[in-house]
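This report considers surface patches and aromatic contacts in one protein structure. The sequence and model are shown first.

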Amino acid sequence: MTIRKYGIDEIGKREEVSVWFCDSCDCYHIKAGNTVLTFNREEFSEFVNDTWNCFYDQEENTLALQ
């Protein structure tokens, strides 16, 4: 399991985000705060693509405004 810390939430605590692949259930898991999301391979792939597209669109819009 890999744990990476990102940002600071509104009460000043660091948020913990974990992402890992579980061999026993053959799923990807993402834990953020008290929430755990579970994805099969296809769902995880779609999630990553959608996340990338969201980020890329935001970056593209930011550059267009400059």
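Is F55 buried, partly exposed or exposed, and what is its relative accessibility? The model is predicted, and in it F55 counts as partly exposed because its relative accessibility is 45%, between the limits of 20% for buried and 50% for exposed.

F55 is found in helix α1, which spans residues 41-65. Together with W52 and Y56, F55 forms a nonpolar patch on the surface, and the accessible area of these residues is about 370 Å² in total. Another surface patch carries negative charge and gathers E42, E43, E46 and D50. Of these residues, E42 is also found in helix α1; with a relative accessibility of 58%, E42 counts as exposed.

Aromatic contacts

Across the whole structure, a search finds six aromatic pairs. Two of them are set out below.

| Pair | Centre-to-centre distance | Angle between planes | Geometry |
|---|---|---|---|
| Y28 and F44 | 4.1 Å | 5° | stacked |
| W52 and F55 | 5.8 Å | 40° | tilted |

Y28 lies in strand β3 (residues 27-32) and F44 in helix α1, so their pair ties together parts that are 16 residues apart in sequence. F44 counts as buried because its relative accessibility is 16%, under the limit of 20%. By contrast, W52 and F55 both lie in helix α1, where three residues, about one turn of the helix, separate them.

Y28 and F44 also belong to one aromatic cluster, formed with F21, F39 and F47.

Technical notes: Residues numbered from 1 in each chain as written. Predicted model: local features only at pLDDT ≥ 70, side-chain atom pairs only at ≥ 80, totals over all residues. Heavy atoms only, no water. Patch = residues over 30% accessible without salt bridge, like charges linked within 9 Å, V, L, I, M, F, W, Y side chains within 5 Å. Areas by Shrake-Rupley, 256 points an atom, 1.4 Å probe, with all protein chains shown as cover. Salt bridge = Lys/Arg side-chain N within 4 Å of Asp/Glu carboxyl O. Lys, Arg positive; Asp, Glu negative; His and termini not counted. Charge placed at Lys NZ, Arg CZ, Asp CG, Glu CD. Helix = DSSP H or I, 4+ residues; strand = E, 2+ residues; numbered from the N terminus. Buried < 20%, exposed > 50% of the residue type's maximum accessible area, 1.4 Å probe, protein only. Phe/Tyr/Trp six-rings, centres within 6.5 Å; stacked < 30°, edge-to-face > 60°.
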